[in-house]
Amino acid sequence: MTRIVHVSDLHFELAPERFKPGIRQILDRSIPLLQATDPDLLVVTGDLTSYGCFDRSQLMGVRRWLDGLGLAYLAIPGNHDLSANTVRGSAYPIMETYEAVPWKRTNFASTFDQEPLVIVQEGPLTLLAIALREGDPDGALEQLSAALDDLDGPALVLGHYPLVATKDLGVLATFGYEGYIDGVRDRLLNLLLAQPLVRAYLCGHVHAQTVTTLGGELVQLSAGGLGPGASAGWILDVKGPNLEVRSLPGGGPRAFWPQEMLGDCDPLDYHLWCGNEPLIIPLSPSVS
Ligand SMILES: [Fe+2]
Ligand SMILES: [Fe+2]
């Protein structure tokens, strides 16, 4: 059996913690929970840090934390590790410093020594993990397009930003890709929808554990925010012809957004997926 575990939004900080006091201890509480899942691969869909794009030592710190798990892992950057655009960079000069440099010289690429698109094979699954900035100065979409053309089996695509709204109500009805990657979101979404072998898109950023549809059979899964909340991820098991998806509780807070941003929703219902049965995603597209 092949098992992928998906978490996101660690928001790791070196001491002294500047934005989230106690975040390191909170993250450490998830270590045994992650190790107990014994995955073939742990995937982390960005916001590894709170200000790694400003201070490379933050990314080096989270890399040491991830290395210390003793698990094979694949991490991609979020907007706090690789700022999405100059507007965000100006508005949040520490948390989202825009690095106007080629990919290889960014703090993320130089710390994790990886390309804007990473391709990993795990059992029958091809995982394609994309790091995306507004305008795609790194050519990640071109690489993804070529890789999608070459697929001959089921694939999961990983990115930081959700491509459709993850909730109908409250803050997440509008907080997603908008303001980050508006100019390249349609191209990414269209690439995914054009390749039926892509079975799911795994993302983060919204700090809530959600399941939505991108169109057709394509499912979008957001993990919660493992550090600041909602502390939850996904366990994805290949079982026979299907991918079986279950919730993985993390060791941190179960909610993130304040009640006044949730409309009338119950905070746990808003932040966590409450299905009793595993979510079943067929590995093969249905024939129509
Ligand atoms: Fe985040
Ligand atoms: Fe984010």
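**Rings and cores**

Guide: Lys167 lies over the face of Tyr270, 5.2 Å from the ring centre. Bear in mind that this is a predicted model.

Visitor: Which ring does the charged end of Arg18 sit over?
Guide: The ring of Tyr51. The distance to its centre is 5.4 Å.

Visitor: OK, aromatics. How many aromatic pairs turn up in the whole structure?
Guide: Nine. One is Phe108 with Phe112, and that pair is stacked: 4.8 Å centre to centre, 20° between the planes.

Visitor: Where do Phe108 and Phe112 lie?
Guide: Both are in helix α4 (residues 107-112). They are four residues apart, about one turn of the helix.

Visitor: Why does Phe108 count as buried?
Guide: Because its relative accessibility is 0%, and the cut-off for buried is under 20%. Phe112 is buried too, at 8%.

Visitor: And what about Phe175 and Tyr180?
Guide: That pair is edge-to-face, 6.1 Å centre to centre, with 90° between the planes. Phe175 is partly exposed, at 23%. Tyr180 is buried, at 2%.

Visitor: Switching to the largest nonpolar core. Which residues touch the most other members?
Guide: Leu128, Leu144, Leu148 and Leu192, out of 30 residues. Elements giving two or more residues to this core are β5, α5, β6, α6 and β7.

Visitor: What is Leu192 in contact with, leaving aside its neighbours within four places in sequence?
Guide: Its partners include Leu144, Leu148, Val157 and Tyr201. Apart from this core lies another, of 26 residues, with Phe12, Leu48, Trp65 and Ile235 among them.

Definitions and conventions: Residues are numbered from 1 along each chain as its sequence is written. Chains are lettered from A and ligands numbered from 1 in the order in which they are written. This is a predicted model: local features need pLDDT of at least 70, side-chain atom pairs count only at pLDDT 80 or more; totals for chains, interfaces and linings use all residues. Side-chain values use heavy atoms; hydrogens and water are left out. A nonpolar core is a set of buried Ala, Val, Leu, Ile, Met, Phe, Trp, Tyr and Cys residues joined through side-chain atoms within 4.5 Å. Buried means under 20% relative accessible area, exposed over 50%, partly exposed in between (1.4 Å probe, protein chains only). Contact means heavy atoms within 4.5 Å. Rings of Phe, Tyr and Trp (its six-membered ring) pair if their centres lie within 6.5 Å; planes under 30 degrees apart count as stacked, over 60 as edge-to-face and the rest as tilted. A charge sits over a ring if NZ of Lys or CZ of Arg is within 6 Å of the ring centre and within 35 degrees of the ring normal.
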